[in-house]
Amino acid sequence: MTDPDIKHMEMALKLAERGLDSVEPNPAVGCVITKANQIIGKGWHKKFGGPHAEINALEDCKSLGVSPKGATMYVTLEPCSHFGKTKPCAEAVIAAGLGRVVVATVDPSEHSNGRGIDQLRAAGITVETGLCQTEARLLNAPFIKFAATRQPWVTLKWAQSLDGKLAWAPSGEANRWISNKDSRRDVQRLRRRAGAILVGVNTALADDPFLVPRPPKGKKPLRVVLDSYLRTRLTSRLLRTTKTAPVMIFTRQDTIMEKSDIADRIIKKGAELVGYPDTHGLSNLHYLLDDLRDRGIGAVLVEGGPTVIASFLKERLADEICIYFAPKILAQKGQVDIAGPIAQLSQATGLHYVKAMQFGDDVCISGLTDEGLRCISVGERAEQGVLVQTELDIS
């Protein structure tokens, strides 16, 4: 690959980023078309159900009055070869007469997984893969994991003070937030990318959250409450807004029987009750994630308190962590940090591909856990013109 190849693929990745928060559960994809190293078309997937990046880039060529015949296309994900909400992009690329296609990463979906690339090559188009492959997989990590494994991508998000406190103890204050408005605005970005937003019952009781992205874009997420003993208030904002966005209360099967009157009232409010087998009073998170998987939910945002966060970490179910640090020292007035001590440093949760973003005086640190890293990790880089099946080891 040449320096211009890298430059054009990096541009395609930047274009793809514009679709984040609007295309989910589809992947964010960008595309650049060049002829004689001059850009003649650009496009990205703009919204769920809308034209894909390749189609928008080809339309851009048309609007500029330039033929893409014999040109090179740089696209961040393998062109689709199946009929979905739109026609197959591979067919459109072939019909346009492209001479070369550079693909950042293979789409591991069951209906793709190299089929689009094979179709392009069968039509006589030169296809090269693997350029900026890691960057492309990081961009669409939730999609990549769900497509390859049928398991949701789990992001843990919380805000804390510099001394590690997750909540302000005194009740009744008008401002109960640790983080600032800019940080809370960024949380809406995380919410828009999620198919489900999850909290524990203690958070539901203390904060009475709404859990719907503001402003919403596309599908509204399923709102999930981990509530083993059905303590969620019937007057809560969640149960008052079940027509706005769906609500699931995840509880014990025995509790549904023991508190059948409350269960019936929750159902009449429009929420769904899902009971899990008795696990000594603790939510069975594996059972929950399997249920969400079966609903086609590929990305889960966990906004719970210390206990819920600790449970996901302990069971190694988190793929990504996003922490908003506020420049505050709460000391004894702050509610405690995330659960229990680790036995040794080797058991600590480490992060990879760490990013730091500033929101006013707050700083957000995010990164992938070991589990998340395995889901997007790749084997050796693809050589020019050679399709390399990427490795997805999530055992």
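These legends walk through several close-up views of the model above. The model is predicted, so local features need a pLDDT of at least 70, side-chain atom pairs count only at pLDDT 80 or more, and totals for chains, interfaces and linings use all residues. Residues are numbered from 1 along each chain as its sequence is written, and side-chain values use heavy atoms, with hydrogens and water left out.

**View 1. Five strands line up in an open sheet.** The order is β2-β1-β3-β4-β5, and the pairing is mixed. Helices (H or I, at least four residues) and strands (E, at least two) are DSSP runs, numbered from the N terminus. Two strands pair if DSSP finds at least two bridges between them. At the edges sit β2 (38–44) and β5 (126–129), each pairing on one side only. Ignoring direction, neighbouring strands in this sheet are turned by 15° against each other on average. Helix α4 (residues 115–122) packs on the sheet and touches β4 and β5; contact here means heavy atoms within 4.5 Å. The direction of α4 makes about 150° with that of β5. For such angles, axes are lines fitted to C-alpha atoms (for helices, over the stretch in contact), and angles run from 0 to 180 degrees between N-to-C directions.

**View 2. Here are two strand pairs from the five-strand sheet.** How do β1 and β2 pair, parallel or antiparallel? They pair in the antiparallel sense, over six bridges, and Cys31 stands opposite Gly43 in β2. The hairpin of β1 and β2 has two residues between the strands, and Ala36 takes a positive phi near 55° there. Strand β3 (residues 72–75) and strand β4 (residues 100–103), on the other hand, pair in the parallel sense over four bridges. Look for Tyr74: its bridge partner in β4 is Val102.

**View 3. Helix α2 packs with helix α3.** Two packed helices are described by the angle between their axes and the distance between the axes. For α2 (residues 53–64) and α3 (residues 89–96), the angle is about 25° and the axes are 9 Å apart. That is why α2 and α3 count as roughly parallel to each other (angles under 35 degrees are roughly parallel, over 145 roughly antiparallel, 65 to 115 roughly perpendicular, and the rest oblique). Glu54, Ile55 and Leu58 in α2 meet Cys89, Ala92, Val93 and Ala96 in α3. By class, this contact of α2 with α3 has six nonpolar, no polar and one charged residues. Ala, Val, Leu, Ile, Met, Phe, Trp, Tyr, Cys and Pro count as nonpolar, Asp, Glu, Lys and Arg as charged, and the others, Gly among them, as polar.

**View 4. Helix α3 also packs with helix α4.** This time the angle is about 20°, with the axes 9 Å apart, so α3 and α4 are roughly parallel to each other. From α3 come Ala90, Glu91, Val93 and Ile94, and from α4 come Gly116, Gln119 and Leu120. The residues of this contact divide into four nonpolar, two polar and one charged.

**View 5. Nine strands form another open sheet.** Follow the order β11-β10-β9-β8-β12-β6-β13-β16-β15, again with mixed pairing. The edge strands are β11 (272–276) and β15 (352–359), and each pairs on one side only. From one strand to the next, the twist averages 20°. Strand β6 (residues 153–161) and strand β12 (residues 299–302) pair in the parallel sense over four bridges, and Trp153 has Ala299 in β12 as its bridge partner. Helix α13 (residues 306–314) packs on this sheet, touching β6, β8 (196–200), β9 (222–226), β12 and β13 (320–326). The direction of α13 makes about 135° with that of β6.

**View 6. Phe250 and Tyr287 form an aromatic pair.** Rings of Phe, Tyr and Trp (its six-membered ring) pair if their centres lie within 6.5 Å; planes under 30 degrees apart count as stacked, over 60 as edge-to-face and the rest as tilted. The pair of Phe250 and Tyr287 is tilted, with 6.2 Å centre to centre and 35° between the planes. Phe250 lies in strand β10 (residues 247–252) and Tyr287 in helix α12 (residues 285–294), so the pair ties together parts that are 37 residues apart in sequence.

View 7. Arg150 is not a glycine, yet it has a positive phi of about 60°.
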